[in-house]
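I opened this notebook to record what I looked up in one structure, item by item.

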Amino acid sequence: MLQKLEEVKKEFDASIDAVGSMPDMAQFKADYLGKKGKLNALMGGMRDLSDDDKKNFGARANEVKQEMLDAIDRRSQAIEIDAINEKLAENRMDISWTNKISDLGQQAAGLHPLTSVTRELEDIFLSMGFDILDGPHIEDEYHNFEALNIPESHPARDMQDTFWFKDGEHLLRTHTSNIQIRGMEVKKPPFKFVGPGKVFRCETLDASHEAAFHQLEGMMVGEDISVPHMIHFLRTLLSEIFKAEIKVRLRPGFFPFVEPGFELDYECMLCGGKGCSVCKQVGWVEALGCGMVHPNVLRSGGIDPDKWNGFAFGMGIDRLTMMRYHIDDVRHLHSGNLQFSEQFRAY
Ligand code: FA5
């Protein structure tokens with residue numbers, strides 16, 4: 001009997017490492033230690049033994065049982081660890097992704113040049129202490145026009161050909177200047193913020209005009225802010241953007257929401273000022289509109305114009321991007337043409 005017991009134990013020891021899963025282990029355990037298992041079958045023969053042999057056999061059988069239980073525990077733990085490792089290996093994060101993806105014949109994505117320039121602008125403004133605000137594309141006529149000192153009958157409404165909704169009250173914003181009004185609704189002076197975003201105009205398209213393009217609005221309100229402050233600020237901003245002194249010119253410009261108003265042009269960087277299709281042969285490109293915020297606009301924002309003043313500007317991001325990357329037609333930016341976008345893919 002004892003010999004049989006040792007044989008069963010030997011067989012158990014020899015086969016336990018081959019058990020590879022928890023369900024198999026449950027079966028294995030039942031085969032040896034279950035009611036109808038091999039150990040119990042041997043125990044059944046105990047009744048034929050002498051008292052001494054019974055004692056000896058019983059003692060050894062208990063030891064064997066305990067050794068088997070311990071071995072089953074150890075093996076079960078190993079099986080569970082193997083399963084966890086297998087799962088981890090399956091879900092491993094492949095940090096060589098960009099290389100791998102080209103191995104697969106696919107192309108890694110990059111940032112669109114408009115996105116890169118917008119993010120760069122945001123970084124510059126954040127470093128100057130500006131907040132970044134957002135405003136809706138679908139706007140009501142109050143925020144796009146009326147609160148900006150452009151009443152219903154004002155001819156300035158025709159300066160920007162508007163996409164109106166059928167209700168006659170909502171429109172696709174024609175400029176980011178709606179963010180001036182939205183900003184004043186949530187901020188108390190002094191403040192300075194910018195708001196980049198898409199704007200829409202029913203335009204005739206050409207090398208420098210798109211129907212959906214991007215602007216960045218800026219507004220700074222405080223005490224005793226003057227035109228020289230604004231000019232200094234815009235010059236600093238442009239040299240930050242282009243990392244070089246660039247030629248700019250300021251000329252009077254009419255926008256009902258500023259007084260006085262200006263337009264700032266930069267020398268066309270595509271032709272070096274000689275004249276091309278982007279600058280319409282004049283050598284200068286309109287970069288932005290700006291001016292001192294009109295008292296009526298401050299009033300619509302609940303701000304007392306006798307105490308506070310400031311400047312605002314609206315800059316064309318598409319044209320800035322064109323100058324920056326020497327892109328000779330604004331329509332390339334929105335074409336979705338991969339041959340164009342791939343030139344900006346960042347690796
Ligand atoms: C405006 O939209 C004013 N809201 C700007 C402003 C803000 C003035 C605050 C004063 C104070 P304008 O229509 O000029 O102004 O457009 C501003 C800039 O957007 C232009 O200088 C130009 O760079 C760009 N832009 C205008 N129209 C287009 C177009 N169709 N396609 C691409 N860029 C355009």
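Predicted model: local features only at pLDDT ≥ 70, side-chain atom pairs only at ≥ 80, totals over all residues.

I began with H214 and listed its contacts (heavy atoms within 4.5 Å): leaving aside neighbours within four places in sequence, H214 touches L114, G197, K198, M315, G316, I317, D318 and H334. H214 lies in strand β5, where strands are DSSP runs of E with at least two residues, helices are runs of H or I with at least four, and both are numbered from the N terminus.

Residues are numbered from 1 along each chain as its sequence is written, and side-chain values use heavy atoms, with hydrogens and water left out.

Next I followed the sheet. Seven strands form an open sheet with mixed pairing, in the order β1-β4-β5-β9-β8-β7-β6, and its edge strands, each pairing on one side only, are β1 (131-132) and β6 (248-252). Two strands are taken to pair if DSSP finds at least two bridges between them. β4 and β5 pair in the antiparallel sense over ten bridges, and K198 stands opposite H214 in β5. β1 and β4 pair in the parallel sense over two bridges, with V194 in β4 as the bridge partner of I132. Strand β8 (residues 284-293) runs antiparallel to β9 and is joined to it by five bridges; there L288 stands opposite M315 in β9. I also checked how enclosed β4 is: eight of its ten residues are buried, so β4 is largely enclosed by the rest of the structure.

I turned to the helices. In helix α8 (residues 178-186), the buried residues are N178, I179, Q180, I181, G183 and M184. They pack against β2 (138-140), α7 (141-144), β4 (191-200), β5 (212-222), α10 (295-300) and β9 (309-316). In another helix pair, E120, L121, I124 and F125 in α6 meet F233, L237, E240 and I241 in α9.

I looked for disulfides, meaning pairs of cysteine sulfur atoms within 2.5 Å, and the structure holds zero. For C276 the closest cysteine sulfur is in C268, 3.7 Å away, which is too far for a bond; C276 is buried, with a relative accessible area of 16%. For C290 the closest cysteine sulfur is also in C268, but at 20 Å, again too far for a bond, and C290 counts as buried at 1% relative accessibility.

Last, I checked the backbone. A cis peptide bond joins P189 and P190, with omega about 0°, and P190 lies in the loop between α8 and β4. Another cis peptide bond joins E259 and P260, with omega about -5°; P260 is found in strand β7 (residues 258-267). N149 has a positive phi of about 65° although it is not a glycine, and its place is in the loop between α7 and β3 (170-172).

Terms used. Buried < 20%, exposed > 50% of the residue type's maximum accessible area, 1.4 Å probe, protein only.
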